[in-house]
Amino acid sequence: MSSTKKAKHLVIVESPKKAKRLRQFLGDDYIVEASVGHVVDLPKKGLSVDVDNGYEPEFVTVRGKGKLLADLKKKAKDAEDILIATDPDREGEAIGYHIACALGYRTDDGHRFRRVRFNSVTRDAVRKAVDHPGDLDLDQVDAQQARRILDRLVGYGLSPLLWKKISPVDPISRIPLSAGRVQSVAVRLVVEVERARRRFRSGAWWDLAATFAKDGREFDAQLIEVDGVPVVKGADFDPATGRPKKPASVVVFGEEEVEALRVRLEGVEFEVASVESKEVTQSPAPPFTTSTLQMEANRKLNLPVRETMRVAQRLYEAGHITYMRTDSVQLTGQAIGAARRKVESLYGTDYLSEKPRNYKTKSKGAQEAHEAIRPAGPSMPTARELGLKSIDAALYELIWKRTVATQMAEARRLRVSASILGGGVEFRARGNTLAFPGFLRAYVEGSDDPEAVLADREVLLPALASGDSVEAREIRPDSHETRPPARYTDASLVKALEAEGIGRPSTYATIVDTIRLRGYVEDRGKQLVPTFIAFAVTSLLEDHFEDLVDPGFTSEMENGLDRIAEGEVDWREFLDEFYRGENGFEGRLASRETEIDPRTASTLQDFADLGGELRIGRFGPFLETREDGDPIRVSIPEDIAPADLTAEKAAELLADREKADSPIGADPETGLSVYVKTGRFGPFVQLGEQTEDGEKPKRASLSKGMSTDDVTLEIALRLLSLPRDLGVHPESGEPVRAGIGRYGPYVVHDGEFRSLDKTDDVHGVDLERALALLAQPKGGRRRSQQKPLRDLGAHPNDGEPVLLLDGRYGPYVKHGKLNASLPKGMSPDDITMDQARELLTARAARGPRKQRGRRKK
């Protein structure tokens, strides 16, 4: 009997979950292992690109992956062949190539290494791919490698320049400043909207709304014309002036004038002058691509783009949906057939489109690399049939409905417009009736425009005909005001990036996430608000590296990478043209090193209308003016958005600053002056001045909702009396105190803080109440028993868990004994392992925190 061991096939995927699922499909002849992402990468420090030797990257093994590679080599030695089954995109191609190289792959002898690609993790798709393997696509590898090197050249060239000319770190988040080939364009898009909001001047006007009735049925109408002149609309206003663009061609009513018109129309008889009706059809939206899924999930499920991709990855690995990084809207014949059968069974043949509907991608730079995102397999099961729960079910249902809707009939609407005349004015009534819902039975697309949503509301009008008399039951004045340009949301920024051809499906989430992490945008509700440091960085790049923040240039670079992937362009020549070609990046970087003046770079020219210089300082943005030759500086509070920093607001801050120099009185016990001041964290009161030996004066924050105008000497002294000694703790003998901090009123004992409830008064709370609060678990649980918000996984260096927790000062990540707070504006729902590692590395680089000495008794 032969003792020869039968060789097996080694299959390598990226995800352990995908590996587990493939083991179920492939049987004992296949060994399935997971790389858990990249196995090599450029090191964190240094350029690590040999620009004098064909831009050769100096890749190193990712920390923690050495043992994995050794194990894969051992298994590869006994395997009949090695099947590279990483994700079917450029990133997956590069990961697979580097794994293959580590296992002995050579381009001239790669017969043992085969490439396996599948768009859904289902038994049929996987078996078919394994039975018909292909080769590694080296052009795709070159394109991904060129992108990585290009981003390294730009980032490692520009970032040190920002450190020297503006600031080494963002003064607020303390994250090192950085610039990137794609992230800086995204930041500029957000900054440009904020600039438009600063320039914006609101226009206000009044008009009349009326309620008419015909045969007892009421309907509403809006005034559109008076004495033959159109009434002004919002679109008629110039956003830069707040006045009509063509004032002679429209009538603009103020409150008094419109009231006079209302009185004039009392008792006037109205009749229908004309009625127009038109049936319009509405077609279903294409199936999801990466970007449109991110947009809809943000609009409908309030999911950040990073969370959308995390959930989609989970659904893909479980075999529920097709691959989720795609810019294609095409559906396979299998998918179309499944969707049509589902429509017929659920809604009937009336709701089925006349013929199968397919779509062609129109977005700039589309690669058509995969099919659209859809439910996997041939049966199109519902979320309930799959047993999905919570957010997984919600996102799957969104994908399911969108896919099914593509094969449904068009919706038909009847739009009616009636002109009503009387007393020299014209009102317009509009009706909107859904004649046949069609695909709307399954899916209604979301919108970022509230006006568009309102326009699609169903409004029923009574039967109206020309010459009909109508009863005016109410005519009422109606005020309007133009609104500034809407800030970007996650959804609308992804839409803009795609429209401009910036980035690709696999990078949208990373781009939005990066500008948050770097402190260039903050979340206010769903809006992305740029920080003042974003203005400084954008202005420097516009003045000295305009092409790098030009969407058109960035799109052309993306197209160049696409051509590398298609084998049309050599990747080394592409990089050399950018770096050392005519007006190359390397030469410009060297010349700008001496040309850029740090003071000019840190001065925000967009805010030259404030009556002083707005600059980025060590502790954040501040406004500087001069009085009698002496500089006067005032910090800009963190809660002021750039668009809200008007000349009037600046004058208010300066006035508060002047008041801060004048004491509101003196403390009767010490004789020291008492001041009311405003800093980057808001208003506070201060006792005395800073002494020559550097000892800081005592300060106390104002209570929530209190303004500087509310502060009297009595109130200031009460605030300065904090923290109050309430007595000693019966167990430790240490004092218990009550005070107000940056995060509100609190009680503290031996370093343990508890927030006071809204019903507690910090000036009246007693020892008994303080002890009761201190006895409660912190944040609803004791620190030692604190449950993490999320386990981000094992750290590649030591395998220890990286945890996301909620602390006294907000969410933070923890690895061993090292903690790192999340930057302001970054949602804990969005953070990934890579970002957590970056935060922990930055925190470790700053060294241990300085310990404050205990206050002397």
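How are α5 and α19 oriented to each other: roughly parallel or roughly antiparallel? In this predicted model, helix α5 (residues 138-165) and helix α19 (residues 585-595) pack with an angle of about 5° between them and their axes 11 Å apart. Angles under 35 degrees count as roughly parallel, so α5 and α19 are roughly parallel to each other. On the α5 side, the contact is made by Leu153, Val154, Gly157, Leu158, Leu161, Lys164 and Lys165, which meet Phe585, Leu589, Arg592 and Glu593 in α19.

β22 has a partner in strand β21 (residues 665-666), running antiparallel and joined to β22 by 2 bridges. Here alanine 666 stands opposite serine 673. The two strands make a hairpin with 6 residues between them, and glycine 671 in the turn takes a positive phi of about 80°.

β22 also pairs with strand β23 (residues 682-687), again antiparallel, through 6 bridges. Tyrosine 675, for one, has glutamine 686 in β23 as its bridge partner. This hairpin has 2 residues between its strands.

As for confidence, the chain averages a pLDDT of 87, and 92% of the residues score at least 70. Residues 780-785 stay under 50, with 7 contacts beyond four places in sequence in the model. Residues 850-857 also stay under 50, and there the model has 3 such contacts.

Conventions. Residues are numbered from 1 along each chain as its sequence is written. This is a predicted model: local features need pLDDT of at least 70, side-chain atom pairs count only at pLDDT 80 or more; totals for chains, interfaces and linings use all residues. Side-chain values use heavy atoms; hydrogens and water are left out. Axes are lines fitted to C-alpha atoms, for helices over the stretch in contact, and angles run from 0 to 180 degrees between N-to-C directions. Helices (H or I, at least four residues) and strands (E, at least two) are DSSP runs, numbered from the N terminus. Angles under 35 degrees count as roughly parallel, over 145 as roughly antiparallel, 65 to 115 as roughly perpendicular and the rest as oblique. Contact means heavy atoms within 4.5 Å. pLDDT is the predictor's confidence in each residue, from 0 to 100. Two strands pair if DSSP finds at least two bridges between them.
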